[in-house]
Amino acid sequence: MQFHHHGYVSTDPRMQPAAGIGLDRPTTLPDEVDVLIVGTGPAGMITAAQLAQFPDVNVRIIERRPERLAIGQADGIQARSVETFQAFGFAEHITAEAYRITEMAFWGPDPEDPSRIVRGATPDDDPAGISEFPHLIVNQARVLDYFAEAARFAPGRVVPDYGYEFKTLEVTDEGEFPVVVTLAHTAGDAKDEERIIRAKYVVGADGARSAVRSAIGCTLAGQSANHAWGVMDVLAVTDFPDIRTKCAIQSASGGNILLIPREGGYLFRMYVDLGEVPEDDRGAVRKTTVEQIIAKANAIIAPYTLDVRNVAWSSVYEVGHRLTDRFDDVLADERGTRTPRVFIAGDACHTHSAKAGQGMNVSMQDGFNIGWKLGHVLDGRAPESLLDTYSLERQVVAQALIDFDKEWSTLMAKPVSELGSPQEVAEFYTRTAEFPAGFMTQYEPSMIVGTPEHQQLATGFPIGKRFKSARGVKVCDTNPVHIGHFHQADGRWRIYAFADSAAPGQGSALAEWAEWLANDPQSPIAVHTPAGRDTSALFDVRAIYQQGHHDIDLNDVPDAFKPIVGPFELMNLENVYATLPDDDIFDARGISRDGAVVVVRPDQYVAHVLPLTATDELAAFFRGALTPAA
C-alpha cells in the first residue's frame, strides 16, 4: 500500500486522514443526512464503508440492536468476496483467522452395506483456477467488524448508530432532503420515542422482513420448497474422519448433511436434513429440538458417532426462494420519468437456502454496487440517471442466484435412490464452481458498460465481468505482483493501458495515447477532474508494457503513468508494470500485441475494452457515465 504522500505516517497506515464530514462528524444522529442506511448486515456495512470514501457525503447507518452483532448466521466467504475484501484493505487479516476450504468430500452409502457411509469423490475446491483468492469460512460477525473498521478508518469516519428502529418513510417532492423517515429508539431512556430524519437517499439493508421494502410497496414473490433443515454450530467429539473437511453426506435412508468446518480449529456447522414438510405443518417443524437434530445427524453418519459437547447456535428453517420485482422505489411505469430515492439490498431483495453459501456474498455485491453509485451522484461526479442502473444490474444477478440455488438445494435434498449416479452431486459441484465463487456475473451494456466491438483486443477481460487479476512486475521496485490487487475501493475508475510492442522512448501508440490523456482538453482527466484535485483523483491510470522490467527506463515512461500526488507534489512511480518471462499477462489474458485500453469500474467490473487509437470513443464513454467537472 502507498502512504507518506501527505507527510510521514508513524501509526497504522490503513487509517486514512479524516476529511470533509469526517473532520467534525456529529456523535449523535443529525436531522438531515445525504444517505441513511438501514441495517448493519453485510449489504449495509459495505455500503457504509464505500460511502465513507466520499468525505463530502453525509452518510449514517442505523441498527435496531443496541450493539454490534455477536454471532451471525452466515459464514461462507466465496473467492469474489475475498477479492472485494482486498479492495477494502482487510483480505489478509480475515484470511489469517478464517478456515480455508481447499477440497470437498462427498460421502454416500457403502455399495456393499448401505447402512454405512463411505467417502467418494474429493474434488479440489477450485480445480480450474478461477481465482487466486481462497474460499473461506468465517463468522458473519467478524466480516461486519472488518467493514466497520474500514468505514471508521476512511476519510468520512462512518460509525453505526445503534438503538434505532426504522418505522416508515415517505418520498416527497419537497426540498433538498425529500425522503422523510420515521425512526424509534429501541433502548435507553428514550426507548419507544420516535423522531424524524430527512434524507436525500435511503438504502434498506434490513433483512428478509425488511420494513423499508414494505414502505416502498415491494413484496417478495416466490415459493417454499417444503423441505426443512436443522442447522447448528457445535463443539463435539467424533470419530468421523473428515470432521475438519467440508462434506456433503448422503445416507441411504436417513437424509443428508452439509458439514462445514468453522474457523478456530474446533467448531463446525451441520445442515441436517429434516425431510419434507407437510402442507398442514403450520410451523411445527420449527419446534424441532437441538436434541432431535443431533439424533438425526447421528443416524445419517452411521457407523460414525457424534458426541455434542456444546451448541453455539442453532436454528430450523424451510428452504424458500423469493425475489422482489425491483430493487428501488421507482415503479415500472415511472421508470425514466424520475430517478430512485430509496433502494433495498441483500436479503431485503432476495431469499434462498443457505447451503450454496451465497446470501452474504451476493448481498455484499449489492452494497458495493449501490455504494459507489450513490457516492458518484452525491459527489457531483455522475448524473442521477446512474442510480437507475442499480436495480437493472442487481435484479438479474439475484434471479440467476435463485435459479442456481433451486437446483443445488433440490439436489442436496434428493434421496440417494433418486440420483442419476452416485457422483451426481460431486459432478454438479465441480461443473458449476464458477457461479458460487461469484464470477459468473456479467452486466449488460449501459451508460457504465460498453459494447463489445473491440472485445477481441482483451479476450481475458470480458466486458461486464469482474476484472480478473493477472501478474506483472512493478518496474520501480522489481516486485512481481497481481496488478488487480491494487484496485482499492476508493471510488475511482481504473484505466489499464496495455502497451503495443514498442519500448518506452521509441515512439509508440501507447505514448501517443498517454499524450492525449494528459494534455488534450477532451480527455477524461481534463473534462471530469475538478479544479485543484490531483490528476489521479478520479482515474487511476496504469501502464503495462510487453518488455521485461530491466528493459524499461522510468524516465522514458510518459508522465500520464507517473501522476503527481499530495500536497508535496510527489511522483507516484508504482503504476508502471512490465511482464514476467514465465507468466506474460498479455498471453494470460488474451491481450493484443497491438495494445489495448481496459476500463474498470469502481466496483472492479470491466466497463470497456478499446484500442489505443480510440480516444474519441473513450472520451465519449466517460461523457456518458460522468458529469463534466464544475
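Visitor: How many salt bridges does the rule count here?

Guide: The count comes to 44 salt bridges, a salt bridge being a side-chain nitrogen of Lys or Arg within 4 Å of a carboxyl oxygen of Asp or Glu. This is a predicted model, in which local features need pLDDT of at least 70, side-chain atom pairs count only at pLDDT 80 or more, and totals for chains, interfaces and linings use all residues. Residues are numbered from 1 along each chain as its sequence is written, and side-chain values use heavy atoms, leaving out hydrogens and water.

Visitor: What makes Arg195 and Asp31 a salt bridge?

Guide: Their side chains meet at 2.6 Å, N to O, and the limit is 4 Å, so the pair qualifies. Arg195 lies in strand 11 (residues 194-204) and Asp31 in the segment before strand 1 (32-38), so the pair ties together parts that are 164 residues apart in sequence. Helices (H or I, at least four residues) and strands (E, at least two) are DSSP runs, numbered from the N terminus.

Visitor: Why is Glu63 called buried, and why is Arg65 called partly exposed?

Guide: Buried means under 20% relative accessible area, exposed over 50%, and partly exposed in between, with a 1.4 Å probe and protein chains only. Glu63 has 8% and is therefore buried, whereas Arg65, at 26%, is partly exposed. These two residues also form a salt bridge, with their closest N and O atoms 3.4 Å apart.

Visitor: Why are the buried residues of helix 14 said to lie on the same side?

Guide: The buried residues of helix 14 (residues 615-625) are Thr615, Leu618, Ala619, Phe621, Phe622 and Ala625. They cover an arc of only 155° around the axis, which puts them on the same side of helix 14; the arc is that of the directions from the helix axis to the C-beta atoms. Among the elements they pack against are helix 11 (509-519) and strand 26 (596-600), where contact means heavy atoms within 4.5 Å.
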